Amino acid sequence: MRRGDGVVSEDGVVGVVLLAGRSTSDVLLMTDPSSAIDVVVQKSRARGIVRGRGDADKYAAVIEDFDRLRDVSPGDAIVTSGIGARFPAGVLIGTVVDVKDKDDLTLEALVRPATGFARLEHVAVLVG
């Protein structure tokens with residue numbers, strides 16, 4: 001296991017290995033504000049980068065850079081794009097719960113992660 005390896009649960013993406021030790025490792029959760037994962041909307045193939053919100057009271061993430069002309073709606077599934085070596089394409093990230101205009105050119109989508117972080121017990125590390 002190495003720093004940067006992807007971490008998943010049976011429900012979807014958890015995050016990436018931050019520090020790898022002999023018997024334990026630290027994982028940067030996808031809901032952390034310093035996390036960034038390349039994603040696509042499963043139905044429309046719109047691309048973006050999901051970043052954690054870091055909310056103290058809930059696990060949430062946001063995609064801030066969708067092109068405004070792209071088809072993104074509440075209920076859409078968000079999956080990994082496969083770009084980079086951390087995750088293969090198609091691993092579930094979560095579901096869009098809200099979409100709003102960020103500015104004249106881009107949309108912002110609030111994402112509810114597929115992984116239930118509050119009850120997470122077992123994960124798998126995708127070693128590359």
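Strand E7 and strand E8 (residues 92-101) pair in the antiparallel sense over 3 bridges. Strands, E, are DSSP runs of at least two residues, and helices, H or I, are runs of at least four, numbered from the N terminus. Two strands count as paired if DSSP finds at least two bridges between them. Within this pairing, Ala77 has Thr95 in E8 as its bridge partner.

The model is predicted: local features need pLDDT of at least 70, side-chain atom pairs count only at pLDDT 80 or more, and totals for chains, interfaces and linings use all residues. Residues are numbered from 1 along each chain as its sequence is written, and side-chain values use heavy atoms, with hydrogens and water left out. Here pLDDT is the predictor's confidence in each residue, from 0 to 100. The chain averages 90, and 98% of the residues score at least 70. Among the elements of the chain, E7 has the highest mean pLDDT (97) and E6 the lowest (83).

Strand E7 (residues 77-80) also pairs with strand E4 (residues 36-41), again in the antiparallel sense and over 3 bridges. There, Val41 stands opposite Ile78 in E7. Is Thr80 buried or exposed? It is buried, at 2% relative accessibility. Buried means under 20% relative accessible area, exposed over 50%, and partly exposed in between, with a 1.4 Å probe and protein chains only. Beyond its neighbours within four places in sequence, Thr80 is in contact with residues including Val13, Ile37, Phe87 and Ile93. Contact means heavy atoms within 4.5 Å.

Another antiparallel pairing joins strand E2 (residues 13-20) to strand E3 (residues 25-29), over 5 bridges. A hairpin of 4 residues connects E2 to E3. Ala20 stands opposite Ser25 in E3.

Now the interior. A nonpolar core is a set of buried Ala, Val, Leu, Ile, Met, Phe, Trp, Tyr and Cys residues joined through side-chain atoms within 4.5 Å. The largest one has 26 residues, and Ile37, Ile63, Phe66, Ile78 and Ile93 have the most contacts inside it. Elements E1, E2, E4, E6, E8 and E9 each give it two or more residues. E2 provides the largest share, 4 residues. Not counting residues up to four places away in sequence, Ile93 touches a list that includes Val13, Met30, Ile37, Ile78 and Val111.

Val8 lies in strand E1 (residues 6-8). At 12% relative accessibility, Val8 is buried. Its contacts beyond four places in sequence are Val13, Val14, Phe87, Val91, Val123, Ala124 and Leu126.

Next, the rings. Rings of Phe, Tyr and Trp (its six-membered ring) pair if their centres lie within 6.5 Å; planes under 30 degrees apart count as stacked, over 60 as edge-to-face and the rest as tilted. The whole structure holds 1 aromatic pair. The centres of the Tyr59 and Phe117 rings are 5.1 Å apart and their planes stand at 35°, so the pair is tilted. Tyr59 is in the loop between strand E5 (47-52) and strand E6 (61-67), while Phe117 is in the loop between strand E9 (106-113) and strand E10 (124-126), 58 residues apart. Phe117 is buried at 9% relative accessibility, whereas Tyr59 is partly exposed at 41%.

Then the charges. Side chains of opposite charge can pair when their charged atoms come close. A salt bridge is a side-chain nitrogen of Lys or Arg within 4 Å of a carboxyl oxygen of Asp or Glu. The count comes to 5 salt bridges. Which residues form a network of salt bridges? Lys43, Asp71 and Asp76 are linked in one.

Lys43 lies in the loop between E4 and E5 and Asp71 in the loop between E6 and E7, so the pair ties together parts that are 28 residues apart in sequence. Asp76 also bridges to Lys43, at 3.4 Å between the closest N and O atoms. Asp76 and Lys43 are 33 residues apart. Lys43 is exposed at 52%, Asp71 is partly exposed at 42%, and Asp76 is buried at 8%.

Lys100 and Glu108 form a salt bridge too, at 3.9 Å from N to O. Glu108 is in strand E9 and is buried at 19% relative accessible area. Lys100 is partly exposed at 45%.

One backbone detail remains. Arg45 has a positive phi of about 65° although it is not a glycine. Arg45 is in the loop between E4 and E5.
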